[in-house]
Number of protein chains: 2
Amino acid sequence: MTAGTSPRASGGGEVTYGIDVGGTKMLGVALDADDHILAEVRVPTPRRFGRDSRHRAADGALVDALARVVDRLAAELASSSVAGACDVGVGVPGLVDDHGVLRFAPNLPVGTGVDVGAQLAGRLHGARVVVDNDATCAGLAEWTSGAATGLSDVVMVTLGTGIGGGVVAGGRVLRGANGFAAEIGHMVVDPAGPPCPCGKRGCWERYASGSGLARLAREAAHAGRLDVVVDLAGGDPEAVRGEHVTDAAAYGDAGALGVLAELGWWLALGLANLAAVLDPEAFVLGGGLADHLELVLGPTRRAFDDLLVDRRYRPEIAIRPALLGERAGAIGAARLAREESRHHSGRG
Amino acid sequence: MTAGTSPRASGGGEVTYGIDVGGTKMLGVALDADDHILAEVRVPTPRRFGRDSRHRAADGALVDALARVVDRLAAELASSSVAGACDVGVGVPGLVDDHGVLRFAPNLPVGTGVDVGAQLAGRLHGARVVVDNDATCAGLAEWTSGAATGLSDVVMVTLGTGIGGGVVAGGRVLRGANGFAAEIGHMVVDPAGPPCPCGKRGCWERYASGSGLARLAREAAHAGRLDVVVDLAGGDPEAVRGEHVTDAAAYGDAGALGVLAELGWWLALGLANLAAVLDPEAFVLGGGLADHLELVLGPTRRAFDDLLVDRRYRPEIAIRPALLGERAGAIGAARLAREESRHHSGRG
């Protein structure tokens with residue numbers, strides 16, 4: 001498949017839309033039948049309740065934004081509209097039940113409880129909408145045509161605002177009893193750690209995600225270990241964000257590299273826990289933080305070799321960057337929607 | 001199946017031997033073709049190297065003890081000897097590779113590196129020997145005829161000297177890429193925690209196992225919170241063992257109950273982490289500590305409900321005692337051996 005954006009027009013063939021909903025942005029793609037990306041759109045994820053703070057206003061914000069993404073993708077394809085049958089896949093950061101309802105999404109306050117599937121289908125006048133966990137979508141894309149192609153036991157780890165997971169075990173996607181498996185970001189790795197939006201303390205994603213990086217950096221800044229980074233942030237330790245750290249680290253700043261090594265240690269801790277439970281051949285790391293993986297992978301690999309319970313007695317477990325980049329979730333969501341559509345129309 | 005010991009003799013039918021190797025004792029059973037237990041034997045697990053401290057002496061100690069268990073079972077059955085073809089299954093606490101070699105066993109120092117399968121087969125003159133992880137054996141027994149019968153997603157947790165695991169996901173035993181899956185006792189739950197024989201710090205089994213109970217109790221004793229228990233132990237906080245705590249708790253001692261509640265909290269933490277990754281319908285708790293489960297299950301259940309990431313949005317996950325008791329591992333090992341034998345002789 002082609003992972004890059006292709007300028008060629010749709011040409012009237014079958015188009016499938018895929019949208020990956022992150023904590024800060026939504027990324028939509030339109031795929032043709034050969035998995036070429038025909039169009040791509042990015043919009044911010046709605047973060048607040050509407051003027052009306054009742055629950056229905058929140059519902060509307062997410063579904064409105066999703067519908068806008070589809071409209072803009074269709075406009076880029078010069079289609080007059082998406083009225084009528086089209087297939088849309090949506091990957092969301094949280095627990096999705098078998099009916100497409102987002103049951104719980106600590107990193108997406110506007111999403112919890114929203115019946116994304118039915119509402120978006122209604123808004124798009126007859127579209128077929130499939131909703132699944134974002135990391136499951138990304139994992140599916142990497143497994144079928146990315147960094148995990150051909151493997152039978154692999155864990156996809158998406159490092160975004162939080163941490164998502166997609167697990168393939170014995171050649172099958174691990175779903176669990178309710179479809180909620182692979183919520184790996186909420187393994188507790190330090191019961192005395194910082195509070196998590198999920199209500200617990202010390203979840204893995206408080207340390208090894210994009211927001212974890214910012215938190216570790218602010219701690220280091222307050223401790224006086226990040227002078228260059230604090231300068232980049234305008235002098236206020238509380239203003240330090242992840243990109244200040246990765247910018248300074250790219251220039252070799254020792255303080256910034258130290259924070260990334262700390263993040264790598266926590267990342268390795270969670271990977272080692274997952275290896276103890278799942279015994280995979282490889283981990284595939286994707287998500288926004290993966291753009292800076294070359295700064296983190298070395299410390300992660302070294303710490304992982306220390307933390308893996310049986311490191312001397314097993315083949316090395318690969319830790320690889322995802323190949324499909326930030327588009328993995330959207331591509332996987334589109335592919336799920338197409339599979340579902342083929343399944344129902346008997347074209348599979 | 002009949003889990004209790006049956007006095008009836010073998011009657012010349014097919015007999016399969018199963019041995020569960022624990023950190024402190026080995027339990028062997030002889031099963032007839034209908035899964036009746038014909039004989040049962042317990043011996044201490046060899047704990048030290050022989051007089052000769054080189055590696056081969058350690059090898060011999062474990063295999064010698066296993067052969068003795070089979071001999072004693074055969075003697076109880078009034079068989080003259082086990083010479084010739086017999087099927088023996090062995091469950092061991094550690095990582096077993098596809099060839100029956102015990103690759104790593106932090107709670108069984110005499111076992112690491114031992115080719116249990118080949119050596120025991122040699123010692124027993126032609127027996128067919130199958131070796132697998134002890135908790136996998138116990139999980140298999142509980143899944144096929146115990147507390148997890150009929151479930152498709154379940155985690156068996158054996159609380160012994162350490163913590164072992166057996167996972168069924170989507171109706172299949174989860175094995176992992178190397179057969180090493182479900183080493184759940186070595187998830188790190190507190191990176192600043194006490195050192196583990198595996199080389200890491202703060203592994204789950206440092207808190208929620210039999211040895212974890214003793215450790216938590218000694219901490220509480222030194223802190224002056226366990227006067228009754230320390231009296232039971234002869235007045236020395238360092239002499240406190242798990243059974244002093246469970247004895248005192250059975251009489252309602254508040255200090256002892258407090259330690260068991262603490263253990264329950266740590267048990268719940270690991271279960272919640274596993275639920276986040278695997279989304280099971282149920283946990284089945286077995287192993288030696290499970291004999292006192294009625295004292296621990298209440299605090300565990302309450303803490304689990306607090307610690308489960310998506311507790312409000314999913315069906316309740318059951319936490320049940322194992323049904324086959326301490327014999328689950330031996331029964332599962334015997335059953336594995338019988339299956340393997342049928343498979344190879346075409347009788348399956």
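Helix axes are lines fitted to C-alpha atoms over the stretch in contact, with angles running from 0 to 180 degrees between N-to-C directions. The views below come from a predicted model, in which local features need pLDDT of at least 70, side-chain atom pairs count only at pLDDT 80 or more, and totals for chains, interfaces and linings use all residues. Residues are numbered from 1 along each chain as its sequence is written, and chains are lettered from A and ligands numbered from 1 in the order in which they are written.

**View 1. Crossing of helices α5 and α8 in chain A.** Helix α5 (residues 210-222) and helix α8 (residues 254-278) of chain A have axes that come within 10 Å and cross at roughly 130°; helices are DSSP runs (H or I, at least four residues) and strands likewise (E, at least two), numbered from the N terminus. α5(A) and α8(A) are therefore oblique to each other, since angles under 35 degrees count as roughly parallel, over 145 as roughly antiparallel, 65 to 115 as roughly perpendicular and the rest as oblique. On the α5(A) side, A:Gly212, A:Leu213, A:Leu216, A:Ala217 and A:Ala220 meet A:Gly255, A:Val259, A:Glu262, A:Leu263 and A:Trp266 of α8(A); contact requires C-beta atoms, placed from the backbone, to lie within 7 Å. The residues of this contact comprise seven nonpolar, two polar and one charged, where Ala, Val, Leu, Ile, Met, Phe, Trp, Tyr, Cys and Pro count as nonpolar, Asp, Glu, Lys and Arg as charged, and the others, Gly among them, as polar.

**View 2. Packing of helices α3 and α10 in chain B.** The axes of α3 (residues 134-145) and α10 (residues 328-345) of chain B lie 7 Å apart, at an angle of about 85°. α3(B) and α10(B) are therefore roughly perpendicular to each other. Among the contributing residues are B:Cys137 and B:Leu140 of α3(B) and B:Ile331 and B:Leu336 of α10(B). Eight nonpolar, two polar and three charged residues form the contact of α3(B) with α10(B).

**View 3. Contact between chain B and chain A.** Each chain is represented in this contact, with 41 residues from chain B and 41 residues from chain A. On the side of chain B that touches chain A, α8(B) supplies the largest share, seven residues. That side has 25 nonpolar, five polar and eleven charged residues.

**View 4. Domains 1 and 2 of chain A.** Domain 1 (15-137 + 328-345) and domain 2 (150-322) divide chain A, with bounds from an automatic or database domain assignment. Their centres, taken over C-alpha atoms, are separated by 26 Å. In the contact, 15 residues of domain 1 meet 19 residues of domain 2.

Technical notes: Two residues are in contact if their C-beta atoms, placed from the backbone, lie within 7 Å.
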